[in-house]
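Student: Can we go through this model together? I'd like the overall picture, then some detail.

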Amino acid sequence: MADTFRNAEAEVKIIVSGGTAERARRALGLDAEDGKRLTVYFWDRPWADGDDIRLPLSEGGAIIRLRRPAKGDKGDLTAKLRPCDPDALPSRWRENRDGKGWEFKIEEDWSGRDRVWAASLKVDGDFERPLDDDGGGKKRSRGPRLTPEQRDLLASAEITDGDLEDLVALGPVRAIKWKPSRRDLIHPLIAEFWSVGDDLCFLELSLRTRHSEAPQAQELLERTMLERGLRPSSRQAPKTQTVLTALARDHLSR
């Protein structure tokens, strides 16, 4: 890893799914009425390869995500490279920075035994719902309003403007987000509960910390779960990939 990233941040995550997600939510005292409700959408160009679902953008390491709050605050549109090689990024994308209405960050995701670098550029704004009923029972999809800087970031991973044409909006994911105060974790905790339809749900707990402190933060977070009788798997599938596949399968079956 280049010297530039010796003091990089890490995002330590634990993800539980299904019935365990709901049990963990209750055990941690996360009341749905106290959380911020969001609707989440993604974009890709899904196609069926036999029984498999192919997602070209995701397979190329790119994620485009929109979050719209149920009320109040502006939404945000994020272009993310995950996984990415920090040393391979152009110099202009090799340090965290932000400005009015935007934030760029690069960090290492710690999830169980997995370690993956990610770079993301988030832009705030009043974004339209990307899926609307056309009046005939079908959904009309709008493409993402990416900024030139977001397109530039994606281009650094060889995601061209041609790759961004004819994208399909996938969603919605219903989400609830909390920032509970927990002194035992030292670092601020973020919790998100995601649900798709009636059968798919996840609870993700995450802490952001300096890279050098990530092992201790991960141990604290795992201990918090174990003390409540919750034992997450050491090998965890990213919730975004699982959700994207489920949404794409639903889209292709219409």
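This is a predicted model: local features need pLDDT of at least 70, side-chain atom pairs count only at pLDDT 80 or more; totals for chains, interfaces and linings use all residues.

Student: What secondary structure does the protein chain have?

Tutor: Five helices and 14 strands. Helices (H or I, at least four residues) and strands (E, at least two) are DSSP runs, numbered from the N terminus.

Student: And what is its radius of gyration?

Tutor: 18 Å, which agrees with the value near 18 Å for a compact globule of 254 residues. That radius is taken over C-alpha atoms, and the globule rule is 2.2 Å times the number of residues to the power 0.38. Along the principal axes, the C-alpha atoms fill a box of roughly 50 × 45 × 40 Å.

Student: How much of the chain is buried?

Tutor: 47% of the 254 residues. Buried means under 20% relative accessible area, exposed over 50%, partly exposed in between (1.4 Å probe, protein chains only).

Student: Which residues have the most contacts inside the largest nonpolar core?

Tutor: Ile64, Leu154 and Leu164, in a core of 27 residues. Strands S2, S5, S6, S8 and S9 and helix H3 each supply at least two of its residues. A second, separate core of 26 residues includes Ile14, Ala21, Leu220 and Met225. A nonpolar core is a set of buried Ala, Val, Leu, Ile, Met, Phe, Trp, Tyr and Cys residues joined through side-chain atoms within 4.5 Å.

Student: New topic. Is Leu189 buried or exposed?

Tutor: Buried, because its relative accessibility is 6%. Leu189 lies in strand S13 (residues 189-196). Beyond neighbours within four places in sequence, its contacts (heavy atoms within 4.5 Å) include Trp178, Pro180, Leu205 and Leu221.

Student: Last one, H5. Which residues are buried there?

Tutor: Lys239, Thr240, Val243, Leu244, Leu247 and Ala248. They cover an arc of only 150° around the axis, so they sit on the same side of H5. The arc is that of the directions from the helix axis to the C-beta atoms.

Student: Why that spacing?

Tutor: An α-helix has 3.6 residues a turn, so residues three or four places apart point the same way.

Terms used:
Residues are numbered from 1 along each chain as its sequence is written. Side-chain values use heavy atoms; hydrogens and water are left out.
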